[in-house]
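Good morning. Please have the picture open while I talk.

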Amino acid sequence: WRGNSVPEKEAKALRHVFDNLQDHFGHQRPDPRIRFSANLTYPGHGPMWVGDLDFMYDINGDHCSLAYFGMDVCVDLTSKLIHKHGQPMMKDYGKTWLYVYLPQLTLDKVISYVKAGTGYDVSTEGTVYDPNRNLVAIKAKLHHESEQPKPSFWVVKDKDASGGDICFSRMGSVQEVNALPHQQHVHRGVGIFSVTMEVEGTPNFQPTPREGEEANLSFTLVSVRTWGITDCVAPIVHSPPDKWS
């Protein structure tokens with residue numbers, strides 16, 4: 001897949017998700033043919049058990065596992081407010097993390113898949129809800145260390161194309177695009193994420209789903225395919241209240 005040697009089924013799933021943008025979550029889209037699962041392990045310290053979510057795709061009857069899934073989102077590359085002392089209010093915004101916005105219904109659908117696949121309810125602490133547009137903002141991490149591939153930013157070539165004719169052109173990493181003043185807007189498209197789950201437990205006993213117990217999800221944006229800039233979303237320009245951080 002793209003010059004990298006990967007197992008056949010993984011390559012099939014990568015093409016399905018990244019190239020063909022199939023089975024991603026979004027407004028008025030059919031339910032994705034995915035099953036979520038998680039293998040929690042204890043990291044050796046603290047109260048939390050941690051595991052990456054795995055996504056099993058049903059691609060024409062062939063079950064292919066992948067570490068990524070997609071959602072219709074708006075990616076916020078707008079500039080943020082600066083403290084009067086010259087320091088940004090949102091440290092490392094656009095470098096190590098950023099906000100993505102999505103409909104509440106889309107997030108609810110993702111949460112229902114987590115529940116069905118793992119048994120856990122999902123905490124929504126850390127999300128910011130915009131009741132005027134019924135949108136939710138979530139923090140997405142960005143790989144930024146030198147040994148990690150930075151998230152890629154792709155722009156559609158022909159906005160009028162449809163189906164298999166849709167092609168995207170890679171502009172660079174999200175961090176590189178975020179540094180360009182003319183790109184500092186909210187971009188709508190498909191975000192592709194990896195997800196880590198954390199559940200509180202004890203060192204000697206792996207937690208199991210129980211009534212009222214919630215898992216925390218951490219999203220990492222690994223790639224975005226954008227259709228263009230949108231003016232329909234009011235971006236967050238300052239740090240939200242502490243209860244959301």
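Setting aside residues up to four places away in sequence, leucine 40 touches Trp49, Val50, Gly51, Tyr120, Met197, Val199, Gln206 and Pro207; contact here means heavy atoms within 4.5 Å. Before going on, note that this is a predicted model, where local features need pLDDT of at least 70 and side-chain atom pairs count only at pLDDT 80 or more, while totals for chains, interfaces and linings use all residues. Residues are numbered from 1 along each chain as its sequence is written, and side-chain values use heavy atoms, with hydrogens and water left out.

Where is leucine 40 in the chain? It sits in the loop between E1 and strand E2, which covers residues 48-59. Helices (H or I, at least four residues) and strands (E, at least two) are DSSP runs, numbered from the N terminus. Is leucine 40 buried or exposed? Leucine 40 is buried, because its relative accessible area is 6%. The cut-offs are under 20% for buried, over 50% for exposed, and partly exposed in between, with a 1.4 Å probe and protein chains only. From leucine 40 to histidine 182 there are 142 residues in sequence and 42 Å in space, C-alpha to C-alpha.

Next, leucine 142. This residue lies in strand E8, residues 135-142. Leucine 142 has a relative accessible area of 3%, so it is buried. Its contacts, neighbours within four places in sequence aside, are Gly94, Lys95, Thr96, Trp97, Leu98, Pro151, Val174, Gln175 and Leu221. Methionine 71 is 71 residues away from leucine 142 in sequence and 16 Å away in space, C-alpha to C-alpha.

A nonpolar core is a set of buried Ala, Val, Leu, Ile, Met, Phe, Trp, Tyr and Cys residues joined through side-chain atoms within 4.5 Å. The largest one has 60 residues, and Phe36, Phe69, Met71, Leu98, Phe193 and Met197 have the most contacts inside it. A second, separate core has five residues, among them Leu21, Trp154, Phe168 and Val190.

Most residues other than glycine have a negative phi. Glutamine 28 has a positive phi, near 60°. Glutamine 28 is in the loop between helix H1 (8-19) and strand E1 (34-38), and it counts as exposed because its relative accessibility is 73%. Aspartate 92 also has a positive phi, near 65°. Its loop runs between strand E4 (69-76) and strand E5 (97-103). With a relative accessible area of 33%, aspartate 92 is partly exposed.

Last, the chain as a whole. How many helices and strands does the protein chain have? There are three helices and 12 strands. The radius of gyration is 18 Å, close to the 18 Å that the globule rule gives for 245 residues, so the chain is as compact as a globular protein of that length. That radius is taken over C-alpha atoms, and the rule is 2.2 Å times the number of residues to the power 0.38. Of the 245 residues, 42% count as buried. Among contacts between residues at least 6 apart in sequence, 70% join residues at least 24 apart. Along its principal axes, the C-alpha trace spans about 50 × 50 × 40 Å.
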